[in-house]
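Good morning, and thank you for making time for this presentation.

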Amino acid sequence: MIIKRHKTKEIQIGNIKIGGNNPIAIQSMAKVPTKDYRKTVLQIKNLEKEGCSIVRVAVRDEEDAHAISQIKSAIRIPLVADIHFNWKLAVCAIKSGADKIRLNPGNIYKRQEIKEVVSAARDYSVPIRVGLNSGSIPKIFRYNIKLKPARKLVKAALDYIKLLEDLNFTDIVVSLKCSSVLDTVEAYREIAHRCNYPLHLGLTASGFSEAGKIKSAVAMGILLSQGIGDTLRVSLTDEPEEEVRIAKYILSSLGRGSFGPEIISCPACGRTEVDIEKIVNELQQKLSTLNRLSGGERLTRPVRMAVMGCVVNGPGEAEDADLAIAFGKKQGLLYKNSKPIRKVSSSEAVDELLKEWSKICTRS
Ligand code: SF4
């Protein structure tokens, strides 16, 4: 299946571009007070290692806003300042070096205040994300019982976009986050047909780890498969690196990016005669260690490795994988490029796979 992306405007955010034909950028957010420079930088550096492309920080007061310049000097990826209620903080964050700002139309809505922010954003070539959230929709839409939740978000976003456009400002990114998967899908689908600004995908308050991952994967999977979305954040009540890991899984499962080795494994059943779960966990852990040892440089070569419990589906999966093992009793048959190359025992399977994987990675 070929996914045709919605055409969106290209927007520069610091040293990267989003929208147009640019890769879908993975975002996350620092989860420590921004004014705590050391902790914030440490968290962002870990996010960089994990493959995060853009990071957002909360700006709650002037101290946070001023910390941006110090943080920026220590990180490589673009930084977005998240602003609520106080337009002056947006101006301060821009002057402090933020690469993009997020404004919430639910709490910064006065024309004169927006005009001041736009003026600074234009002077410093900083784009603005119109960041709607179902928990803080502008009052005139929030209490309109005739409008469905998705319509409220879309109408509020279009109003705000019009306000920015009337000020001749079009460096805009849009997000419409709900905690409901169906409302999120409906809102993004509609806005994608109503404007050509890049869309930042996400759910809000998606929930604790497992639930949040599944809800995010379903919502973003639907939207991305329809070509909607230029950047995304998987919001989780979890460590920020996990948000990036899940975003990578979502994108790679839709063929929207390659983030290193992909492990395909069978779920195991009554035919399985080896401990598939143990083998796959060991493989995953060793790959993570190798990644860390490589100095945090991600091992980005997209190698597909299949670990299959028996010969029912093993040879078939091996045809589609760069490397595969189909297990029988205690030992397995190792495949490379669809061809069986040798038998390996279950205890040496992981190291044998890694040996072949490293040969593929070092091939020019
Ligand atoms: S590949 Fe074999 S062992 Fe694995 S789930 Fe399928 S039938 Fe069971």
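This is a predicted model: local features need pLDDT of at least 70, side-chain atom pairs count only at pLDDT 80 or more; totals for chains, interfaces and linings use all residues.

The residues lining the largest cavity are His6, Lys7, Thr8, Ala192, Cys195, Tyr197 and Leu199. By class, this lining comprises four nonpolar, two polar and one charged residues. The volume of the largest cavity is about 30 Å³, and a search of the whole structure returns one cavity of 30 Å³ or more.

Let me now step back to the overall architecture. The domain assignment places domain 1 at 11-253 and domain 2 at 262-362. The centres of domain 1 and domain 2, taken over C-alpha atoms, are separated by 38 Å. Along the principal axes, the C-alpha atoms of the chain occupy a box of roughly 75 × 45 × 35 Å. In secondary structure, the chain has twelve helices and 15 strands. Its radius of gyration is 23 Å, close to the 21 Å that the globule rule gives for 364 residues, so the chain is as compact as a globular protein of that length.

I turn next to the strands. Eight of them form an open sheet with parallel pairing, in the order S8-S7-S6-S5-S4-S3-S10-S9. Which strands stand at the edges? They are S8 (172-177) and S9 (200-201); each has a single partner strand, so one side of each is left without a neighbour in the sheet. Within this sheet order, S4 is listed beside S5. Strand S4, residues 54-59, pairs with strand S5, residues 79-83, in the parallel sense over five bridges. In that pairing, Val55 stands opposite Leu79 of S5.

Strand S13, residues 323-327, and strand S14, residues 331-336, pair in the antiparallel sense over five bridges. Phe327 has Gly332 in S14 as its bridge partner. The hairpin of S13 and S14 has three residues between the strands, and Lys330 there takes a positive phi near 65°.

S14 also runs antiparallel to strand S15, residues 339-345, to which it is joined by six bridges. The hairpin of S14 and S15 has two residues between the strands, and Asn337 in the turn has a positive phi of about 50°.

I close with the ligand. Which residues lie around it? They are Cys266, Pro267, Ala268, Cys269, Arg271, Thr272, Met308, Gly309, Cys310 and Asn313. This shell divides into six nonpolar, three polar and one charged residues. Thank you for your attention.

Definitions and conventions
Residues are numbered from 1 along each chain as its sequence is written. Side-chain values use heavy atoms; hydrogens and water are left out. A residue is near a molecule or strand if one of its heavy atoms lies within 4 Å of it. Ala, Val, Leu, Ile, Met, Phe, Trp, Tyr, Cys and Pro count as nonpolar, Asp, Glu, Lys and Arg as charged, and the others, Gly among them, as polar. On a 1 Å grid over the protein atoms alone, a cavity is a set of points where a 1.4 Å probe fits but cannot get out, and a pocket is an open set with protein on both sides within 12 Å along at least five of seven lines; lining residues have an atom within 4 Å of a point. Grid points are joined across faces, edges and corners, and a volume is the space filled by probe spheres set on the points. Domain bounds come from an automatic or database domain assignment. Two strands pair if DSSP finds at least two bridges between them. Helices (H or I, at least four residues) and strands (E, at least two) are DSSP runs, numbered from the N terminus. The radius of gyration is taken over C-alpha atoms; the globule rule is 2.2 Å times the number of residues to the power 0.38.
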